[in-house]
Each structure stands twice: as structure tokens, then as C-alpha cells.
Amino acid sequence: MPSPTARQGDLFAAGHEPLGPGAPEPDLPLSRDQLLAWQDRLAAHQEPLFADAAASDQQQGLLFSPASAAAPAGTPVDAVDQAAALQPLALRSQPLSFWRWPQPNHQGAALYFVTDRPSRLPQPLLLYIGETGRADRRWKGDHDCKDYLAHYSEALRRQGLELQLSIRFWLDVPEAIKARRQLEQALIRRWLPPFNKETRQRWPAPFTALLDPR
């Protein structure tokens, strides 16, 4: 996958290097300043993207025509333009426990967005972007992102920092898996969510170093 054009660098300043793979868990928890710096650096990249979308006069509408949504596998799509037009905050927010509900609200192909909403920041932090052919089942059971979120949540709670995790689904996506994944990758390159495997090395943090960056 091509690297994003924006160079992010390490999220922690010198003297706060992330742990290497397989390193033991540190005796001391992450400091409040480390966690806030990590969030601030991510926000510095994502805030202009949220602001651009909020200032746009264009309505969300349908990103895909019925024809493109039903296109066979291998049909090219303009994923970059579609990724730029999609505003995650226009989608309905749900708790991460949505899959426990008796009747799922979402079924079929979808893109999904996991966010945190620190009250001190003017916009949320987009932590993960995923795609699925089964929106009612993808978040059940094991999921790499769940492990990262668990470490992130524990780190914030130890320092008394607010945590407001949520997930949003976008169902107006291609049924063809290749086209859907092209759009997912375009969105990842645009937003650089830190818990996607493509960007974990760009947003290093000790609370993710204990996990295998597959």
C-alpha cells in the first residue's frame, strides 16, 4: 500500500520511545502528558479533515450509485474522491456493545469507523476504519482493534482521562469486496487511524507495542 504523503513522525518526543516488539510491560503506567501528546498529534492530522467536511456546502447524499454498488468484483471505482466526500460524523454513533442487541441495526456490506471523543478537543479522534461483508457479525468475537482499544482505554483510565468510544457504520458501499477494500484503503490513507495495521508504525505508542502489529 502506498505510504501517506503526510509525514507524521513519532507521537512521543525524544526520551519517550515506544517499546519494541516483545518487550515486557513497563512497571510505570503511561503518564498523563504522554497520553495527551499522543492524542494531540493524531488530532493535528485529523482536525483539518473534520473541519473541511464541516465547512463544505455539499450534502452527504449517496456516495455510490445503485449501479456501482452492484458492480462485479474488479470494477474500478474512484475511491480517492469517494473517501474525500465521506464524513464519518454524519453517520449515527453507536456504543461498541451494539452487537449484543437482540436485533442488529446493520446488516450486509459496510464500512465502519471507531472513534473516541475527548472533551478537551474540538473534534473526535478516528481510531480505526474497517470494512465487512457482514455488518451484523464483524465486531463479534476476536478482532485486532478490540485489543488496541482495550490497552488504550486502560491507559486513559489509569490517568483519570475521559473515554467516549463509539462506532459508526456506512452501508452505502459496494457489494464487490475489491471495490469496498479500495475505498477502505483510500480512507485509511486519508485519515491515518492509528489502530489500523497500515498506520501503527506511524503512530507508535507504548500501549500498542505489546501487541503484534500484524
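**Entry 1: the overall build**

I started with the secondary structure and found six helices and three strands in the protein. Both kinds of element are DSSP runs, numbered from the N terminus: helices are H or I with at least four residues, strands are E with at least two. What I'm looking at is a predicted model, where local features need pLDDT of at least 70, side-chain atom pairs count only at pLDDT 80 or more, and totals for chains, interfaces and linings use all residues. Residues are numbered from 1 along each chain as its sequence is written, and side-chain values use heavy atoms, with hydrogens and water left out.

Reading from the N terminus, I noted the order α-α-α-β-β-α-β-α-α. Next I looked up burial: 46% of the 214 residues are buried. Buried means under 20% relative accessible area, exposed means over 50%, and partly exposed is in between (1.4 Å probe, protein chains only).

I also checked contacts, meaning heavy atoms within 4.5 Å. Of the contacts between residues at least 6 apart in sequence, 78% join residues at least 24 apart.

**Entry 2: Thr115**

Where does Thr115 lie? I found Thr115 in strand 1, which covers residues 110–116. Its relative accessible area is 3%, so I put Thr115 down as buried. The side chains of Thr115 and Arg168 are joined by a polar contact of 3.0 Å. That term stands for a pair of N or O atoms within 3.5 Å; within protein, one must be able to donate a hydrogen and the other to accept it, and residues adjacent in sequence count only if both atoms are side-chain atoms. Leaving out residues up to four places away in sequence, I listed what Thr115 touches, including Pro124, Leu126, Gln164 and Ser166.

**Entry 3: helix 4**

I tested the length of helix 4, residues 144–158. The expected span is 1.5 Å times one less than the number of residues. For these 15 residues that should give 21 Å, and the end C-alpha atoms are 22 Å apart, which agrees.

Which residues of helix 4 are buried? I wrote down Cys145, Tyr148, Leu149, Tyr152, Ser153, Ala155 and Leu156. Seen down the axis, the buried residues of helix 4 fall within an arc of 165 degrees, so they line one face of the helix. The arc is that of the directions from the helix axis to the C-beta atoms. Just after helix 4, I spotted Gly160 with a positive phi of about 70 degrees.

**Entry 4: aromatic rings**

I counted seven aromatic pairs in the structure. Rings of Phe, Tyr and Trp (its six-membered ring) pair if their centres lie within 6.5 Å; planes under 30 degrees apart are stacked, over 60 edge-to-face, and the rest tilted.

Tyr112 and Phe169 make a tilted pair, 5.8 Å centre to centre with 35 degrees between the planes. Tyr112 is in strand 1 and Phe169 in strand 3 (residues 166–170), so this pair ties together parts that are 57 residues apart in sequence. Tyr112 counts as buried at 2% relative accessibility, and Phe169 counts as buried at 7%.

Tyr152 and Phe195 also pair up, edge-to-face: 5.8 Å centre to centre, 70 degrees between the planes. Tyr152 sits in helix 4 and Phe195 in the loop between helix 5 (177–191) and helix 6 (206–209), 43 residues apart. I looked up burial again and got 0% relative accessibility for Tyr152 and 0% for Phe195. Ring pairs link Trp38, Tyr148, Tyr152 and Phe195 into a cluster.
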